[in-house]
Amino acid sequence: MATCPRCHQPIDTQAVRCPHCFLVLKAYGHPGIPLHQASENTFLCDSCRYHEDDTCTFPQRPYAKTCTLYRDKSEPLVAEFKSPLYPSSPWGQFKTWCRRNRGLLLLLVLIGISVLFALR
Ligand code: SF4
Ligand SMILES: [Zn+2]
């Protein structure tokens, strides 16, 4: 179970506010948008990937205490990409090729059916 970053009481992972100290835990009141919180004497930007690679344009940078886009720079990037864009196995490459050339495959099937009807 998750704990509140302020009062450290157990909370529901979907909770929009902490029921104990009323800290806002989700952005815009939506349970699907986590609002990351800095601890008392730190700023989120100090450990954020987007601060490190200088791609963040948020006005609160570099002193953000809360942020919806925060990404911990110590967490590996590969975890975000569970399925590779370009599969290395031949079967995976074939499936990708078929997905990309659906129109061509459909045309070939139609030509094949037409030839079968013409030969009858
Ligand atoms: S995304 Fe948020 S935490 Fe990260 S650098 Fe920008 S303002 Fe800071
Ligand atoms: Zn709390």
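Here is a short tour, from the overall layout down to a few single residues.

Keep in mind that this is a predicted model. The protein has 3 helices and 4 strands, and from the N terminus on they run β-β-β-α-β-α-α. With a radius of gyration of 25 Å, well over the 14 Å that the globule rule gives for 120 residues, the protein is more spread out than a compact globule. You can see that in the C-alpha trace too, which spans about 80 × 35 × 25 Å along its principal axes. As for links along the chain, take the contacts between residues at least 6 apart in sequence: 20% of them join residues at least 24 apart.

Now for the ligand. Ligand 1 is surrounded by 13 residues, and the closest are Cys45, Cys48, His51, Cys56 and Cys67. Sorted by class, that shell holds 10 nonpolar, 2 polar and 1 charged residues.

Some of those names come back when we turn to the core. The largest nonpolar core has 6 residues in all: Leu44, Cys45, Cys48, Ala64, Cys67 and Tyr70. Leaving aside residues up to four places away in sequence, Cys48 touches Tyr70, Arg71 and Lys73.

That brings us to the loop between strand 4 and helix 2, where Lys73 is found. Leu69 lies in the loop between strand 4 (66-67) and helix 2 (90-100) as well. Is Lys73 buried, exposed or partly exposed? It counts as partly exposed, because it has 14 C-beta neighbours inside 10 Å. Leu69 also counts as partly exposed, since 13 C-beta neighbours sit inside 10 Å. Setting aside residues up to four places away in sequence, Lys73 touches Ser47, Cys48, Arg49 and Glu52.

| Pair | Apart in sequence | C-alpha to C-alpha |
|---|---|---|
| Leu69 and Cys48 | 21 residues | 9.1 Å |
| Lys73 and Tyr50 | 23 residues | 8.1 Å |

Last stop: helix 3, residues 102-119.

How values were computed
Residues numbered from 1 in each chain as written. Chains lettered and ligands numbered in written order. Predicted model: local features only at pLDDT ≥ 70, side-chain atom pairs only at ≥ 80, totals over all residues. Near = placed C-beta within 6 Å. Nonpolar A, V, L, I, M, F, W, Y, C, P; charged D, E, K, R; others polar. Helix = DSSP H or I, 4+ residues; strand = E, 2+ residues; numbered from the N terminus. Expected span 1.5 Å × (residues − 1). Core = buried A, V, L, I, M, F, W, Y, C linked by C-beta atoms within 7 Å. Buried ≥ 20, exposed ≤ 12 C-beta atoms within 10 Å, placed from the backbone. Contact = placed C-beta atoms within 7 Å. Rg over C-alpha atoms; globule rule 2.2 N^0.38 Å.
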